[in-house]
Amino acid sequence: MSWLLLTLICAFSIASADAATKAWLQGFSARELTLIRFTLTGALLSPLLVWLPDLGALPAPFWGWLSVLVPLEIGAMLLYMAAIRDHPLSLTLPYLAFTPVFSMAIAALVLGERVSLIGLVGVLLIVAGAWLLNVEQARRDDWRTWLRPLSAIRWEAGSRMMLGVALLYGLTSTLGKVALLYLPSAAFGAFYFAVVGLLAIPLLLLVPIGGARLALRPALRRLARRPGAVLAVAALNGVMVITHFMALRLTEVAYMIAVKRSSLLFGILYGALLFREPNLASRMPGGVLMLAGVFVILLAA
């Protein structure tokens, strides 16, 4: 299967998990949703661990990369939740668009990957499209409103926090490809999320989010009341994990992460079709830019 098809499946799975969360898991806390996305996903992927080789035979560099990756992954999650909890979404979410830019720079330094000029244009088109999709309350008659989140980085802590999240995701995507050198994609994805999911539990128990810590037993009881919805979200997230690492092995990190951002397009379609969200037409320019970027990257790759 081609890296592009795998990445599009990955993006569709992310958007589907988000839509399922919005439709079926309203009222669940951010900590409980994190438990689903990390811990339960890791549990569902655990049958794939049968393809895991003898862990004692894995070389020291693998464990070194993993020891760096896992804290970065959990740290990005905590920073992301804090940013969207305490700061305006219109001034935070646009900064996720910079993840492919960071991935491109970090992959060049760590992996020696270089994108072509055409590929660079494709990545930047996707970044621009993702930015436009996330900018709220921008007016066509005032170009400065499109740049408001960019200027907000000087005075809005949430903007700086989300830029940090984009940087962390750029790191985890690149370092994840390094760790993939030692394991098959499915086995690595299952093992990685098993580790992240297990370590997320004590962090959610110990680190207060929104002024409170996770109460594990009540959270599990609440999740058990909606088993179908909870399992559906975790399963969709599991598809995302496996296709992410499969695609990452096959192409440059920047290309894969940029195309993965097409999840925003799927999310907008879900919003319009399932939740009757308005302003679909106003988001078309961003969507067209992203689709153009995907096409250009396909030409470059």
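Does Glu32 count as buried or exposed? Glu32 counts as buried, at 7% relative accessibility. The model is predicted, and it holds 3 salt bridges.

**Arg222 and Glu32**
- The salt bridge between the side chains of Arg222 and Glu32 has an N to O distance of 2.9 Å.
- Arg222 belongs to helix α9 (residues 216-224) and Glu32 to helix α2, so this pair ties together parts that are 190 residues apart in sequence.
- Arg222 counts as partly exposed, at 28% relative accessibility, whereas Glu32 falls under the 20% limit for buried residues.

**Arg37 and Asp18**
- A salt bridge joins Arg37 to Asp18, with 2.8 Å between the closest N and O atoms.
- Since Arg37 sits in helix α2 (residues 30-45) and Asp18 in helix α1 (residues 3-24), the pair ties together parts that are 19 residues apart in sequence.
- Arg37 is partly exposed, with a relative accessible area of 21%.
- Asp18 is also partly exposed, and its relative accessible area is 39%.

**Glu113 and Lys177**
- Glu113 pairs with Lys177 in a salt bridge whose closest N and O atoms are 2.6 Å apart.
- This pair links distant parts of the chain, 64 residues apart: Glu113 is in the loop between α4 (99-110) and α5 (117-134), and Lys177 is in helix α7 (residues 157-179).
- Glu113 counts as buried at 15% relative accessibility, and Lys177 counts as buried at 14%.

Technical notes
Residues are numbered from 1 along each chain as its sequence is written. This is a predicted model: local features need pLDDT of at least 70, side-chain atom pairs count only at pLDDT 80 or more; totals for chains, interfaces and linings use all residues. Side-chain values use heavy atoms; hydrogens and water are left out. A salt bridge is a side-chain nitrogen of Lys or Arg within 4 Å of a carboxyl oxygen of Asp or Glu. Helices (H or I, at least four residues) and strands (E, at least two) are DSSP runs, numbered from the N terminus. Buried means under 20% relative accessible area, exposed over 50%, partly exposed in between (1.4 Å probe, protein chains only).
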